[in-house]
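Please keep the sequence and the structure at hand while reading.

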Amino acid sequence: MKKTVWLLIDSRKGSAGQIRGVAGQLDASTFEIIEKNIVYTPLSALPNVLRGSTLLGVDSSSVSEISQNFPDIVFSGSRRSAPVARWIKKRSGGRTKIIQLLNPGAFGRKDYDLIFMPEHDRGKISGSNVRFTVGSPHRITPQTLAQAQKEWSGDFEKLPRPFTVLIIGGNIKGKGFTEENARALADAVKNYHDKTGGSLLITDSPRTGQNAEKLILNILNGIPSYNYLWGDSRPNPYLGYLACADNIIVTGDSVSMCCEACGTGKPVFIFNGSGWLTPKHERFVASLVQSGYAAMLAPENLSFKPRGTLNPAAEIAAAVTALVKK
């Protein structure tokens, strides 16, 4: 009989993507995956030490969905859903195993069967139930890339190869993506293209800002490119970019963007800028570089090849499978 797995999905797209990424790596012949949409009330903003292992802060529409037929495993991926997972385990009489992605906070930490944290957050928590991975789970798999290449390769076929994907982030944690950093990124990309040739497949973020976006595009003007910029009403080619890329340049402000890039197994070059990234982001980028999944965007790294494909979701899925087989 299959093990039943509930995914606690809420409005946080980042955590939802991580949970789905791990679920996608579980063996479909062993696990039945069921998504549970969790809607919150304003009381969910209370600290978890006050919410405890209760459904305080959970809308009644969600309560009815999770109050019976408790599963074998629950995945939680955010601070707000952590008490929900603990409530389910308690109501199941301890039968349900609960898996937490990212830090659930100090309260009730021992109740989790496994907690997975990215390596760059090592030192924040510890315990026999805590595991660390390089980077965070993501949705990129050989299957998603193959499908995306089939859908998008025709859109880029008139452009010269190699294809260098440029993924641009922006403002983070009160630190703006300055024009100085935008200019430095564009100059580095132009220098990279001067040595490699080919075309650019460019996309950015709502955090990039119009001034930075225009500055970058002006500097890169004249290089063959396919541009999909924030606000574009066309279908988003992001997965097609990753699938068709020969090389990828990405800014270090987004854990998800960098991990998805490294999940392709292609050469990834990261731009950190100056005085821009938080210490946490700096540690994250360093963990990717030190593990051989990426290199810094610099002339001396032009020939970089990754040691492997970043796939923390598979590591987590393997650990969860081993847990239920004990």
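Cys 244 has a relative accessibility of 4% and therefore counts as buried. The model is a predicted one, and a search of the whole of it finds zero disulfides. The points below begin with the cysteines and then turn to other parts of the structure.

**Cysteines**
- The cysteine sulfur closest to that of Cys 244 belongs to Cys 262 and lies 18 Å away, which is too far for a bond, given that a disulfide requires two cysteine sulfur atoms within 2.5 Å.
- Cys 262 is likewise in no disulfide, its nearest cysteine sulfur being that of Cys 258, at 6.7 Å.

- In soluble globular proteins, nonpolar side chains tend to be buried together.
- The largest nonpolar core here has 59 residues, and the members that touch the most other members are Phe 156, Leu 185, Leu 220 and Leu 288.
- Apart from this core lies another one, of 21 residues, which includes Phe 116, Ala 313, Ile 316 and Val 320.

- Ile 249 sits in strand E10, which covers residues 247-251, and at 0% relative accessibility Ile 249 is counted as buried.
- When residues up to four places away in sequence are set aside, the contacts of Ile 249 include Thr 164, Val 165, Leu 166 and Ile 167, as well as Val 189, Tyr 192, Phe 269 and Leu 297.
- Thr 164 belongs to strand E7, residues 163-167, and its relative accessibility of 1% places Thr 164 among buried residues.
- Seen from Thr 164, and again leaving out neighbours within four places in sequence, the contacts are Tyr 192, Ser 199, Leu 200, Leu 201, Asn 247 and Ile 249.
- Between Ile 249 and Val 134 the separation is 115 residues in sequence and 19 Å in space, taken from C-alpha to C-alpha.

**Surface patch**
- Val 49, Leu 50 and Phe 107 make a nonpolar surface patch of about 290 Å².
- Leu 50, one of these residues, is found in helix H2, which spans residues 48-51, and with 56% relative accessibility Leu 50 counts as exposed.

Technical notes: Residues are numbered from 1 along each chain as its sequence is written. This is a predicted model: local features need pLDDT of at least 70, side-chain atom pairs count only at pLDDT 80 or more; totals for chains, interfaces and linings use all residues. Side-chain values use heavy atoms; hydrogens and water are left out. Buried means under 20% relative accessible area, exposed over 50%, partly exposed in between (1.4 Å probe, protein chains only). Patches are made of residues with over 30% relative accessible area and no salt bridge: like charges are joined within 9 Å, nonpolar side chains (Val, Leu, Ile, Met, Phe, Trp, Tyr) within 5 Å. Accessible areas come from the Shrake-Rupley method with a 1.4 Å probe; for residues, only the protein chains shown count as cover. A salt bridge is a side-chain nitrogen of Lys or Arg within 4 Å of a carboxyl oxygen of Asp or Glu. Helices (H or I, at least four residues) and strands (E, at least two) are DSSP runs, numbered from the N terminus. Contact means heavy atoms within 4.5 Å. A nonpolar core is a set of buried Ala, Val, Leu, Ile, Met, Phe, Trp, Tyr and Cys residues joined through side-chain atoms within 4.5 Å.
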